[in-house]
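Please look at the charged and nonpolar side chains of this protein. We will go from salt bridges to surface patches.

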Amino acid sequence: MGPVPNVTRADAVAFARNPLALIAERWTPTSRTVRRAALAALVMSVVIVVTGGAVRLTGSGLGCPTWPKCTDDSLTTTSAMGFHGVIEFTNRMLTYVLCAAVGWAIIAARSEKPWRRDLTRLGWAQFWIVMSNAILGGVVVLVGLNPYTVAAHFLLSTALITVATVMWQRTREGSAEPRPLVGKAVQQLVWCLVAAAILLIAVGTVVTGAGPHAGDSSEVERMAVNWETVTKLHAVLAWIVVTLTFALWFVLKAVDAPKGPLDRTRELFLILLGQGVIGYVQYFTDLPEALVGLHMFGACLVWIGVLRVLLSLRERPDAAAELPGPAAESALTRA
């Protein structure tokens, strides 16, 4: 090990005022480290959705009946609260793991040289979404798992996945202005795909809010819609997304598009097929908890896949690579 640097009073004051700047002065992560940090934040944003689904599917939504404490007298779960208390409290603790992953992404992005403000801002956006969703999660408990607040809780988690996916993609690109790789007609088709996917996710929250898995064994309010009808609408939207994805792949092949958009579209199509199989099996087997949880995980993958298709339609080269170096400038001068 090398010598530990002395920490002066000035260092302590600087750290208190702007800890990220001080860390950035003393640490320069590799591009690979920044990518891994962004990926860790994305993975944890999916994990927190899946574990939140486990809370609901095991009927543990009110395992900790209050918030921010687990009970009125205890910050943590107690033995009297049993299995449901452990499940709910574990999900709450995973929020801190998510915060740590997002914090690592922020620190890594801020410390990268040269500093890319866009990445740092995306990291901070994730942090504030996590904080907002933590508060909303507390509201969900305090209002007794009202299905509309549960739906909002999931949609805010989807927003977190969106920002985390964008940040992960941006760590793999340069910082120059984006250049389109496909024509405007293809871009419009992809935006139709994105809109259909958003509707699919939104209607999926209604299916959940009206369905049998209320999140607790007690009498929990459900959305006042016909579950069979909204489930059929969800299936129709799923087929629209699948059709648009297949049409996009066909168009990309026809216009001889670059490999990136083609690969991302093919990946999305395969994810959708798997998600569709799970969806139909769970519907015809009376919604077993394990399959519903797997379907929630698949929903996250579908949305990430849609975003990756959208982001693959352009490239961002390294801005520094576009600037002539000293040798090139000398040659230009002599010419």
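**Charges and patches**

W67 is partly exposed because its relative accessibility is 31%; partly exposed lies between buried (under 20% relative accessible area) and exposed (over 50%), with a 1.4 Å probe and protein chains only. This is a predicted model, where local features need pLDDT of at least 70, side-chain atom pairs count only at pLDDT 80 or more, and totals for chains, interfaces and linings use all residues. Residues are numbered from 1 along each chain as its sequence is written, and side-chain values use heavy atoms, without hydrogens and water.

W67 sits in the loop between α3 and α4 (82-111). With I135, V139, L142 and V143, W67 makes a nonpolar surface patch of about 430 Å². Patch residues have over 30% relative accessible area and no salt bridge; nonpolar side chains are joined within 5 Å, like charges within 9 Å.

R32 belongs to helix α3 (residues 31-57). R32 counts as exposed because its relative accessibility is 51%.

Now the salt bridges (a side-chain nitrogen of Lys or Arg within 4 Å of a carboxyl oxygen of Asp or Glu). There are 11 by this rule. R92 pairs with E88, with the closest N and O atoms 3.0 Å apart. Both R92 and E88 are buried. They are 4 residues apart in helix α4, so about one helical turn separates them.

R266 bridges to D263 at 2.7 Å between the closest N and O atoms. R266 is partly exposed at 42% relative accessibility, whereas D263 is buried at 12%.

Finally, a network of salt bridges links R116, D118, R170, E173, R314 and R316.

Methods
Helices (H or I, at least four residues) and strands (E, at least two) are DSSP runs, numbered from the N terminus. Accessible areas come from the Shrake-Rupley method with a 1.4 Å probe; for residues, only the protein chains shown count as cover.
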